[in-house]
Amino acid sequence: MSEQNSIRDDFTLIKKGYTYFDNAATSLTPVSVIQRISDYYNCHNGNVSRGAHQLTRNASLYYQDARQKTARFIDAKEDEIIFCRNATEAINLLAQGIDWKAGDNIVTTLVEHHSNYVPWLRVRDRHQVELRIAQPNREGVFDLGDFKKAISDRTKLVTTGQVSNVLGTVNPVREIADLAHNKGAWLLVDAAQSLPHLPIDVDDLGCDFLAGSGHKMLGPTGIGFLFIKKELQYSIQPLAIGGGTIHDVARDRYDLLNSIERFEGGTPHIAGALGLAAAIDYIEKIGWDFICKKDTQLVANLEEGLKKRDYVTIYGPVENSKRVSLVSFNIENCRPHRVASLLDEMGKIMVRSGHHCALPLTKYVLNATAGTVRASLYFYNLSDEIEHFFDIIDFIHTNS
Amino acid sequence: MKKSIAFGNKNIECFAIQLCSYGESGDFEFMPSESLQLKFDEITQQMKEKVPNFRNATERFLMFQLREAQVTLYPSGRMILENVKPAQKQIAMEIGEKILKLADLKSN
């Protein structure tokens, strides 16, 4: 309990009395991350690379260190990590950077966040590429046969979230990777929701690309990354070129760098990268054993309590579900935004309501036309907070 | 979107933002820039008389329907407006303004 209390002391908003169940949108930020960002601006505020003064040197070293830490966090190599704004930008970088040929196909799923869905619709429309969409069952769960059917010899890319941002379900990425690679396709994993909850090793996952967002894993907003396997980097065109990406420029031509920096045009979000590194330090200090154990306990409490209430509809698998500490639900006769605002007003409990940027899933699979309420927890949450949450939803049900 | 709306003896700046919703109807939050400290024990009766589709009243919130919109009103003047048709901030602002007028003891 004392360990838990000391963890909670690291988060200012918890100390201010918020019960924060909106971690899938953005996690809270520990003071050490805020301090690291503040230190950069106060003590080392220089631009990265190539300058000869001490501030630029320090900024460059810290930025390099942030890239190393991010790489190590997913068992990648330092020169396989591109910093960008977020997972959305990472996915768009790939969508814009692959040399698509008419007749190629892309395989994605109906469960994806818009960030891993809409870019592929645009690629389809611009490049005469076929988009194949794996359909889950009514609980949002996939049969691998769905992927097997969709992946063909003309599949260039298979792309899937590792964890659904609406259902919390964990997809069998390793098996999907094998199916993709057997047909010569690449695999992109949208890890925005899995990075905070699961230890990730890109080799074990078998992915060729992996996208992540810092702000969902205790880091600041505006920083994310794309992992690109080293041997594939010359198959992908950078999204933005210019300052920082150049080996040489002549009057009528340019040569890009041979390093990962060719993908990071312009001054990067240096403070953000340092903040992300501090977030990784924090997660590693807490440890995956604690995080995973807490996740299992929290989601069990949440599921169990919701299941007991016959006025609640839970979305996603109800029995033997393998999910992170995230559950979407609705309360009978009460629309999602009303529920979320009541939880806020009556209990200072923050949850997300709506479609969670996953309209194909909420419309065509869950049939939740007004959306759902989503409670997404993290290791700093308490069982007592869940009990308080249940008291309020009981009150909402009785009084609406 | 923001608009200055008369309430009591002063003008209050109010905001309307769209919540996650799609299609022909939309969900919105309406928020005065300062708490109006509505006293539901004093205003509920007059609200009930003027709003035909009243759903529920507690000390902490009122729920009713105005036009097609499902309204949740809090003592601060914050409102959740769901199923606003058409899904426009302007319409949400009009509904919010109308509700504030109904809740304003000075204007009734």
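Predicted model: local features only at pLDDT ≥ 70, side-chain atom pairs only at ≥ 80, totals over all residues.
Residues are numbered from 1 along each chain as its sequence is written, and chains are lettered from A, with ligands numbered from 1, in the order in which they are written. Local features need pLDDT of at least 70, side-chain atom pairs count only at pLDDT 80 or more, and totals for chains, interfaces and linings use all residues, while side-chain values use heavy atoms, with hydrogens and water left out.

**Exercise 1. The interface of chain A and chain B**

Task: Describe the contact of chain A with chain B by its residues, its buried area and its salt bridges.

Solution. 

Step 1. Contact means heavy atoms within 4.5 Å. By this rule, 20 residues of chain A and 21 residues of chain B take part.

Step 2. The size of an interface is often given as the accessible area lost when the parts come together. Buried area is the accessible area (1.4 Å probe) that two parts lose on being put together, summed over both. For chain A and chain B this area is about 1800 Å², and 51% of it lies on carbon and sulfur atoms. Within chain A, the residues that lose the most area to chain B are Arg335(A), His337(A) and Arg338(A), which together give 38% of what that side buries.

Step 3. A salt bridge is a side-chain nitrogen of Lys or Arg within 4 Å of a carboxyl oxygen of Asp or Glu. Four salt bridges are counted between chain A and chain B. One of them joins Asp27(B) to Arg335(A), with the closest N and O atoms 3.3 Å apart.

Step 4. Helices (H or I, at least four residues) and strands (E, at least two) are DSSP runs, numbered from the N terminus. On the side of chain A that touches chain B, α12 (336-347), β14 (352-354) and α13 (359-365) of chain A each supply at least two residues. The largest share, eight residues, comes from α12(A).

Step 5. Residues are sorted into classes: Ala, Val, Leu, Ile, Met, Phe, Trp, Tyr, Cys and Pro count as nonpolar, Asp, Glu, Lys and Arg as charged, and the others, Gly among them, as polar. The side of chain A that touches chain B then has five nonpolar, ten polar and five charged residues.

**Exercise 2. Salt bridges within chain A**

Task: For Glu284(A) with Arg72(A) and Glu303(A) with Arg323(A), state the distance, the location and the exposure of the residues.

Solution. 

Step 1. Side chains of opposite charge can pair when their charged atoms come close. Over all chains, the structure holds 31 salt bridges.

Step 2. Glu284(A) and Arg72(A) meet at 2.8 Å, N to O. Glu284(A) belongs to helix α10 (residues 270-286) and Arg72(A) to helix α4 (residues 54-73) of chain A, so the pair ties together parts that are 212 residues apart in sequence.

Step 3. Buried means under 20% relative accessible area, exposed over 50%, and partly exposed in between (1.4 Å probe, protein chains only). Glu284(A) is partly exposed because its relative accessible area is 35%. Arg72(A), at 46%, is also partly exposed.

Step 4. In the salt bridge of Glu303(A) with Arg323(A), the closest N and O atoms are 2.8 Å apart. Glu303(A) lies in helix α11 and Arg323(A) in the loop between β11 (312-314) and β12 of chain A, so parts 20 residues apart in sequence are tied together. Both Glu303(A) and Arg323(A) are buried.
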